[in-house]
Amino acid sequence: MIHCPYCNHEELVGAIFCSECGEQLVFPHGTPTGSIHPTPAIIRDFLGNNAMHSDRFPSLQFSTDEFMALNIIESGKIIPVRGKRELTLGRSGEGQPIIPDIDLTPYHGFEAGVSRLHVSIQINEQEITVTDLGSANGTKINDKKIASHSSHPIKHGDILTLGRMRIQILLRG
């Protein structure tokens, strides 16, 4: 666990933003994970220059059609989510008839134990939820294993673990 230097809230190692106060977690002697994580400028460049400012998380900006992004923690890659109310995360395979909406194969999904259809994320006005689709290696939210085939709420800053792949949820405020 790491502590936010602004509000002292405990966060999981690898978190980029504090889920309590929304501040970017900056450490003067590098990050405790030893990994390089994207700066707000990198996130802004990736998500586009015509970005909408977020009052809740001022250092994270999204374009008008983006409300969520997925930070693949080990690689630091940011995957924007645009215009969908339900999406699946998994990995593609040869001859697979159903392809996930977000293919985690390029991010070493197979090696990390991500199933072909691992989780479903549902977005509605009240909340965002994740459902494990009966994956072989399970799903965790903030290091707590979740039951398959039931919806679990997620929020900005939460860490989803699919098998061994860690993904931070980034939401527009």
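This is a predicted model: local features need pLDDT of at least 70, side-chain atom pairs count only at pLDDT 80 or more; totals for chains, interfaces and linings use all residues.
Two strands pair if DSSP finds at least two bridges between them, and strands here are DSSP runs (E) of at least two residues, numbered from the N terminus. Residues are numbered from 1 along each chain as its sequence is written, and side-chain values use heavy atoms, with hydrogens and water left out.

- Strands of a sheet pair through backbone hydrogen bonds, either parallel or antiparallel.
- Strand β7 (residues 86-90) runs parallel to β8, and two bridges join them; leucine 89 has isoleucine 102 in β8 as its bridge partner.
- The pairing of β7 with β9 is antiparallel, over five bridges, and here threonine 88 stands opposite serine 120 in β9.
- Strand β9 (residues 117-123) is joined to β10 by five bridges, and the two run antiparallel.
- Four residues lie between β9 and β10, which form a hairpin.
- Serine 120 has threonine 131 in β10 as its bridge partner, and threonine 131 also stands opposite serine 151 in β13.
- Four bridges link β10 and β13 in the antiparallel sense.

**What is covered**

- Buried means under 20% relative accessible area, exposed over 50%, and partly exposed in between (1.4 Å probe, protein chains only).
- Four of the five residues of β7 are buried, so this strand is largely enclosed by the rest of the structure.
- Strand β10 is mostly covered, with five of its five residues buried.
- In a regular strand the side chains alternate between the two faces of the sheet.
- From β10, Ile128, Val130 and Asp132 point one way, while Thr129 and Thr131 point the other way.

**A closer look at aspartate 132**

- Aspartate 132 lies in strand β10 (residues 128-132).
- This residue is buried yet has no salt bridge, meaning a side-chain nitrogen of Lys or Arg within 4 Å of a carboxyl oxygen of Asp or Glu.
- The nearest side chain of opposite charge is lysine 145, 6.3 Å away; Lys and Arg count as positive and Asp and Glu as negative, while His and the chain ends are not counted.
- Its side chain makes a polar contact with the side chain of serine 135 (2.6 Å), and another, of 3.0 Å, with the side chain of serine 148.
- A polar contact is a pair of N or O atoms within 3.5 Å; within protein, one must be able to donate a hydrogen and the other to accept it, and residues adjacent in sequence count only if both atoms are side-chain atoms.

**The largest nonpolar core**

- A nonpolar core is a set of buried Ala, Val, Leu, Ile, Met, Phe, Trp, Tyr and Cys residues joined through side-chain atoms within 4.5 Å.
- The largest one has 26 residues, of which Met68, Leu70, Leu89, Leu104, Ile121 and Ile167 touch the most other members.
- Among the elements that give two or more residues to this core are β7, β9 and β10.
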